[in-house]
Amino acid sequence: MKLLVIAIVLMASNHYCHGVVVKVWQITDIHLDGYYSSTSGQPQNWCHFDAEDGKALNALGDFNCDSPWPLVSSVIKAMQDIEPNPDFILWTGDSSPHFSKPQPPSMEYVLTVEQRLTDLLTSHFNGSNTQIIPVLGNHDTSPAGNFPDNSTFYKQFRQEGHWDAILPSEGAKVEFQECGYYHFKARGLTFVVLNTNLYYKTKFTETDPCRQLKWLEGVLQDPDLAPRSVILSAHVPPGFFERSSTVAFFTNALHENKINDLYLDVLMRYSDKIMIQLYGHTHTDTFRLYSSNDQVKSIGLIAPSVTPLVTKFGDESTSANPGVRLYTIDLGLGRVMDYHQYYLDLEHNHTTWSLAYTFRNAYGTPDLTIKSLETLFQNMQTNETLFQLYYKHNTLLYDNGPCDGDLCRRAQYCGISDAWLTTR
Ligand SMILES: [Zn+2]
Ligand SMILES: [Zn+2]
């Protein structure tokens, strides 16, 4: 009898070996704006204080503007209430605001924002086994996008931005100092964090700014890496914006830099090692299929922002409800099983965070594998209800008007399925 009990326990534990689940929060594009004024803010000027033309605004944010402090503290509190013990918090950059007049945020402003957010995150997830994984966004420097190829900048950033307190290892700190990229292994996963801001509207003209691609290839060549054990994360994704897919993210002023395709080439060659790619930057909720020779080899997810602002051209704003996302990853199966997408319904003046949808339930897929996302993409093109559901999620249920024209639809399809600059 005793033996039978032991055998059953062993069988059960063996079963659970293939069901070890890791939880990962992703928070991105916070864009904290310390000048937001809820008493007399001017929406056409980032809701900054304006004694004459300002008006009373929602203390939790406005769709024309970046995030006020109450929105930022409310999202961190919501994360703690919903899942206080995640294994990882992936913080995918753009913590500083967009405003550029009269001057863009100074480096001192940027570093103060990094300090405040690092301290806020660590104080709320203090005492748990949570590893925070910070990623640089294009707004995490001054002026935006200004990332040099010199270790003085990155060393100062990690020290004065308080990232030394959260970077996962001494090795990661040394790597980060090179140009803002690093990797580490934990809980059976390898996280590879990149600084793709080096490729975004870049001033670099060489083929491998900061030698990042060479370094990436070296990391992915590690023979000890198990198949589908790498989570690759960066702020700016390769390819195109799905709401206006004419301009690629990775280009220099001369459009001669083919870094986009060189980057994808590396990912395609080591695609068997990569479970998923996780990005921010677009402020929208969408996914990516990366193909080579007409075969999808790797997948990416782009998580929606905390800031309610997507884009602003003159007085025209495209907006999204603020969001934060919780992934469930099955280590035994080596795949993302699901995510819970939370949001603040700012459009209807809600003050508490709630569940917008879960991926599996919303799209009827068993998990987030290449096969599942490929099927979803195919179905979206023939099933109008499914496409409209995806499109509603694209701005986290905020209504920017319908996607009824061919142009809007094609931009979405191309943004999702073709990230290459040259024909493949
Ligand atoms: Zn952003
Ligand atoms: Zn960005």
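Trainee: At roughly what angle do the axes of α4 and α5 cross?
Mentor: In this predicted model, the axes of helix α4 (residues 151-160) and helix α5 (residues 170-179) cross at roughly 130° and come within 6 Å. Since angles over 145 degrees would count as roughly antiparallel, α4 is therefore oblique to α5.
Trainee: Is the crossing of α4 and α5 left-handed or right-handed?
Mentor: The crossing of these two helices, α4 and α5, is right-handed.
Trainee: Which residues of α4 and α5 meet?
Mentor: From α4, the residues are Ser151, Tyr154, Lys155 and Arg158, and they meet Lys173, Phe176, Gln177, Glu178 and Cys179 of α5. Sorted by class, the contact of α4 with α5 holds four charged, three nonpolar and two polar residues.
Trainee: Turning to another pair, how do the axes of α2 and α3 cross?
Mentor: Helix α2 (residues 69-82) and helix α3 (residues 107-124) have axes that cross at roughly 25° and come within 10 Å. Because angles under 35 degrees count as roughly parallel, α2 is described as roughly parallel to α3.
Trainee: And what is the handedness of the α2 and α3 crossing?
Mentor: The crossing of α2 and α3 is right-handed.
Trainee: Which residues make that contact?
Mentor: Helix α2 contributes Ser73, Ile76 and Gln80, while α3 contributes Leu120, Leu121 and His124.

How values were computed. Residues are numbered from 1 along each chain as its sequence is written. Chains are lettered from A and ligands numbered from 1 in the order in which they are written. This is a predicted model: local features need pLDDT of at least 70, side-chain atom pairs count only at pLDDT 80 or more; totals for chains, interfaces and linings use all residues. Axes are lines fitted to C-alpha atoms, for helices over the stretch in contact, and angles run from 0 to 180 degrees between N-to-C directions. Helices (H or I, at least four residues) and strands (E, at least two) are DSSP runs, numbered from the N terminus. Angles under 35 degrees count as roughly parallel, over 145 as roughly antiparallel, 65 to 115 as roughly perpendicular and the rest as oblique. A crossing is left-handed if the near helix is turned anticlockwise from the far one by less than a right angle, and right-handed if clockwise. Two residues are in contact if their C-beta atoms, placed from the backbone, lie within 7 Å. Ala, Val, Leu, Ile, Met, Phe, Trp, Tyr, Cys and Pro count as nonpolar, Asp, Glu, Lys and Arg as charged, and the others, Gly among them, as polar.
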